[in-house]
Amino acid sequence: MRRPIIAGNWKMYKTTAEARALVSALVTTLQDEERVEVVVCPPFTALSTVAPLLAGTRIALGAQDVHWEDEGAFTGAVSPRMLVDLGCRYVIIGHSERRAYFAETDETVNRKTRAVLAHGLVPIVCVGESLAQREAGQTRFFVTGQVRAGLAALGEKARTIVIAYEPIWAIGTGHSATGKDAAEVIGLIRETLAEMDGRDTAEAIRSLYGGSVKPENSKEFMTSPGIDGALVGGASLKAESFVPIVRYYA
Ligand code: PGA
């Protein structure tokens with residue numbers, strides 16, 4: 001049985017004071033949450049501020065990116081060791097914004113994924129097609145290609161990863177995919193993983209949907225077959241919208 005996850009991707013939002021306020025509100029409201037694993041991914045600058053507030057709670061800490069080396073002359077980069085040191089458990093890798101604006105490729109996604117697995121962190125690896133690719137009927141081809149290249153040769157730890165299917169046209173646009181469409185692509189991702197790593201591993205991997213998830217539509221995704229949760233952007237920036245997404249089953 002795969003445990004559902006709702007992860008909040010705060011992107012480049014929140015000063016330390018704002019981050020503290022949001023996390024305090026989430027801890028108070030969600031402290032009894034048992035059914036769903038809740039993850040918050042603040043910007044790097046707020047990780048050490050919120051880590052002590054989350055210690056001993058059911059809410060886990062994640063980062064939004066990582067470098068694959070342990071240390072070195074990589075100005076501006078943050079290593080897996082540094083994230084472990086701060087108490088992170090999750091790391092988002094290969095978000096479409098990193099791919100579009102920061103030259104992330106399937107190859108760097110693969111390096112980062114293998115590096116964080118070696119440090120015992122859980123990667124949340126993002127894949128998803130653009131509108132042009134969808135309209136050209138290339139969704140299957142493109143997304144399975146991202147999975148095959150980005151998640152190649154992960155070894156035994158492959159079963160611990162999380163995949164987020166985030167169609168680019170649905171991110172921040174207010175136009176989410178339907179539960180049916182998302183479930184179809186996630187089913188295809190799982191079949192691809194089964195071919196790569198075997199059926200057992202593929203069935204253990206948790207798959208999230210992301211792209212304009214809101215309190216009004218979260219149930220649709222959470223109850224669609226094979227979808228194990230959501231990666232939430234805009235709606236994770238306020239407790240009033242994030243908490244109802246976590247409590248979709250209410
Ligand atoms: P959104 O972002 O919920 O604001 O569409 C999702 C994401 O980019 O992870």
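This is a short tour of the structure above, stop by stop, with something to select each time.

**Before you start**

You are looking at a predicted model, in which local features need pLDDT of at least 70 and side-chain atom pairs count only at pLDDT 80 or more, while totals for chains, interfaces and linings use all residues. Residues are numbered from 1 along each chain as its sequence is written, and side-chain values use heavy atoms, with hydrogens and water left out.

**Stop 1: the ligand**

How many residues surround the ligand? There are 13, and the closest are Lys11, His95, Glu166, Gly172 and Ser212.

Now look at the ligand's oxygen atoms. An N or O atom in the side chain of His95 is 2.7 Å from a ligand oxygen. Glu166 also has a polar side-chain atom 2.7 Å from an oxygen of the ligand. With Ser212, look at the backbone instead: a polar atom there is 2.7 Å from a ligand oxygen. Taken alone, the ligand exposes 290 Å², and the protein buries 95% of that. Accessible areas come from the Shrake-Rupley method with a 1.4 Å probe; for residues, only the protein chains shown count as cover.

**Stop 2: Glu129**

Next, select Glu129, in the loop between strand S5 (122-127) and helix H6 (131-135). Helices (H or I, at least four residues) and strands (E, at least two) are DSSP runs, numbered from the N terminus. Is Glu129 buried or exposed? Glu129 counts as buried because its relative accessibility is 0%; buried means under 20% relative accessible area, exposed over 50%, and partly exposed in between (1.4 Å probe, protein chains only).

Show the side chain of Tyr165 too: the side chain of Glu129 makes a polar contact with it at 2.9 Å. A polar contact is a pair of N or O atoms within 3.5 Å; within protein, one must be able to donate a hydrogen and the other to accept it, and residues adjacent in sequence count only if both atoms are side-chain atoms.

**Stop 3: Asn110**

Move to Asn110 in helix H5 (residues 106-118). Asn110 is buried, with a relative accessible area of 9%. Its side chain reaches the backbone oxygen of Gly150 at 2.9 Å, and also that of Ala152 at 2.9 Å.

**Stop 4: Lys214**

Now find Lys214, in the loop between strand S7 (206-210) and helix H10 (218-222). At 27% relative accessibility, Lys214 counts as partly exposed. A polar atom of the Lys214 side chain lies 3.2 Å from the backbone oxygen of Gly174.

**Stop 5: the nonpolar cores**

Finally, select Ile6, Leu26, Val40, Leu83, Ile189 and Tyr209, the residues with the most contacts inside the largest nonpolar core, which has 66 residues. A nonpolar core is a set of buried Ala, Val, Leu, Ile, Met, Phe, Trp, Tyr and Cys residues joined through side-chain atoms within 4.5 Å. Helix H8 (residues 179-197) gives this core its largest share, seven residues. A second, separate core has 14 residues, including Ile5, Ala7, Tyr90 and Leu231.

How values were computed: A residue is near a molecule or strand if one of its heavy atoms lies within 4 Å of it.
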